[in-house]
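Please read them with the model open.

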Amino acid sequence: MAKKDIKKLEFFSDWKYAPAPESTDHIRLQKQYELFINGKFVKPGSGKYFDTINPATEEKIASIAEASEKDVDTAVKAARSAYDKTWSKMPAKERAKYIYRIARLIQERARELSVIETMDGGKSIRESRDIDVPLAANHFFYYAGWADKLEYAFPNRNPKSLGVAGQVIPWNFPLLMAAWKIAPALATGNTVVLKPAETTSLTALKLAEIIQESGLPDGVVNIITGHGPVGAAMVNHKDVDKIAFTGSTNVGKWIQKAVAGTDKKLTLELGGKAANIIFEDAPINQAVEGIVNGIFFNQGHVCCAGSRLFVQESVADEVIRKLKERLETLIVGDPLDKNTDIGAINSKMQLNKINEYLKIGVNEGAEMYQSSCSIPKKGFFVRPTLFLNTSQSHRISQEEIFGPVLAIQTFRTVEEVIEKANNIPYGLSAGVWTDKGSRIFNMTTKLRAGVVWANTYNKFDPTSPFGGYKESGFGREGGLHGLMPYLRF
Amino acid sequence: MDRIEVLKTYKIFIGGAFPRTESGRYYPLKLKNNMTVNVSLSSRKDFRNAVVAARGAFSGWSGRAAFNRGQILYRIAEMLEGRKEQFLEELKQLGYTAAAAKKEVEQSIDRLVYYAGWCDKYQQMYSAVNPVASSHFNFSVPEPMGVVAIMADESTALLGLVSVLAPCIAGGNTCIVLASETKPTCAITFAEVIATSDVPGGVVNIVTGNRKELHAHFSSHMDVNAVINCNDEKEFNKVIGENASLNVKRAFTWVRNWSDEKERGPYYITDLQEVKTTWHPIENIGISGIKY
């Protein structure tokens, strides 16, 4: 279909969206951030700092401390000492109250956290305000309640904390991932050393302020910033009992190899390439919204993004036409603007990676379709992109792009689509759109993925276990199941 | 003249059939009656064939009704009970005392009955309806991991193997088991029990051979979902863990005293399960609520 045939809803000719930027006045940011070790903000041993920038403007926001191997050791020692002297001895119901406090403080400072999350990471303010920050607070609130009820969670077992948990998190949901990691670790009685991703340290450091404010005993949570080697030093540290990692499958494999032969417990939440499957009897308009939410949510920087679309042949023309129309209405631009649907790509590096995949897709012979929207001149942006006529063997259908890029295939039969959906090393999530209940249950049983969204997509909740099959990792986060990775029996 | 006894050739068990190792290799095992058994020294290729068989059987076995899997596990126990004498004799030939042999066979039978009962019960224990804060119905269920490669306990001929195999297949997985190298005969006779218990071909595959040779292959195969070593072998287990990272295999070291009755339970099943969470919207029309 030629671009001129795509009907665009005439919003812009009839009326324009006035800019609706969220104010940044009320937020408190320092020029320089230190490491949070043993309840205090301390300078890095290396004396080195790196810049964190706003990916929508490419302007520097603050300097962030680069932890050295020595700092990692200091943080682990602080966590060990807090575990031995305070945290493991504290009655569980008192432990819970600290975690509840953290939840409340996040709620109180939600607006500030949302704005900083958007400035530092590039995601739209609507998403950080309505999804990331509330979910982060809820996660602490949910797990706080588990702290003094663990013996009910595992019948006939005697759950015990592990000790010091080393946690490494990605840049796509910075505060939320910190909450997913810290909340269950604390509720189960462990102490923590957490490393945020180098492009998105700020909300983790604001969380450190909140933790300080909450009066949590010194050393129970330590937050150290820096690049890859900091994470590697944590993984290899002899006095860490548990590693929890969310990130790419390649790094996950490296970590699994590094901890082999040690007593460290490991959970990995890795990459994905989810199939989002549209059957002919699906409510098409809702499905189109689901496709958009599946792949363009958070600029597609989502491990469970519905990045492979499978449309049943009989409705493919209709679905793709409507999808193209919808694509035209998506607003790409200033993440702080409340009208923005798709914000900035997190970093220059990621932008380059996405653009590289666009080239690969075209070179492999797939048909690229992009929204005709304008994108800001400054900052890192990508137009929402569809690839039509892709096949199972295309790299854009096999590899995780982690951007707003959707690879579309068609199918005829249920068997065919199950085969195609499962024939991939990943197994994190999947989507199914159909009006037929029996088909939903058939599909949810046969899809080899940890989370299946039926007639919805990209929904998260503290009570809902999340995690992958196969090369998407192991262990679950969320719900009762999310306690297990932090306990021994 | 006395009748000459017909001796059994001990072969391996792949896809429901009893082939010899494709490698043609063997290792001699001297029995207490001074007879020698030429045990198959299985190769990497045998293991790979077994993985193909196990993968092929996975869809059918995991798709069986849980109740049916329970009946089949119970059937294995029935068959083992019926051939108890044969196992007692075989264990004695491997050096067991009469009392130890009796205890091992009886515990093995009982363990199969125990896990037969779990087949349709652990799901209820470890499933959840999750009270999400949005208008969705959300539930989590355990599902089998897939193909599991097991290196059985070296110190027992039967009980160690049964104690891991039973929870593995009770949960809908299929498996390849490497028998105890020094006590392999019972494992192969147990394969005959499996073969006559309505267990579909390929669900259980048993090979004999050398862990030093095979542990790297058990852990590096890209179509194996989980690997278990039941032996305290630090160097091997490090290699197993490292190789497991090639495809993010789940790697376990289960060094247990399997004759301890505590070393059984649903957690041996759930350790070999994934958790799947499903979401579906709940309609929000007619929200005036329930009045009666």
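1. B:I176 has contacts with B:F47, B:A50, B:V51, B:A54, B:A149, B:I150, B:N205 and B:V207, leaving aside neighbours within four places in sequence. Two residues are in contact if their C-beta atoms, placed from the backbone, lie within 7 Å. This is a predicted model: local features need pLDDT of at least 70, side-chain atom pairs count only at pLDDT 80 or more, and totals for chains, interfaces and linings use all residues. Residues are numbered from 1 along each chain as its sequence is written, and chains are lettered from A and ligands numbered from 1 in the order in which they are written.

2. B:I176 is part of strand β6 (residues 174-178) of chain B. Helices (H or I, at least four residues) and strands (E, at least two) are DSSP runs, numbered from the N terminus. B:I176 is buried because 30 other C-beta atoms lie within 10 Å; the cut-off for buried is 20 or more, exposed is 12 or fewer, and partly exposed is in between, with C-beta atoms placed from the backbone. Its C-alpha atom is separated by 5.7 Å from that of B:I206, 30 residues apart along the chain.

3. In helix α8 (residues 211-220) of chain B, the buried residues are B:L214, B:H215, B:H217, B:F218 and B:S219. Their cover includes α1 (44-63), β5 (147-151), β6, β8 (226-229), α9 (234-244) and β9 (250-253) of chain B.

4. A:F140 touches A:I99, A:I102, A:A103, A:I106, A:A179 and A:A183, not counting residues up to four places away in sequence.
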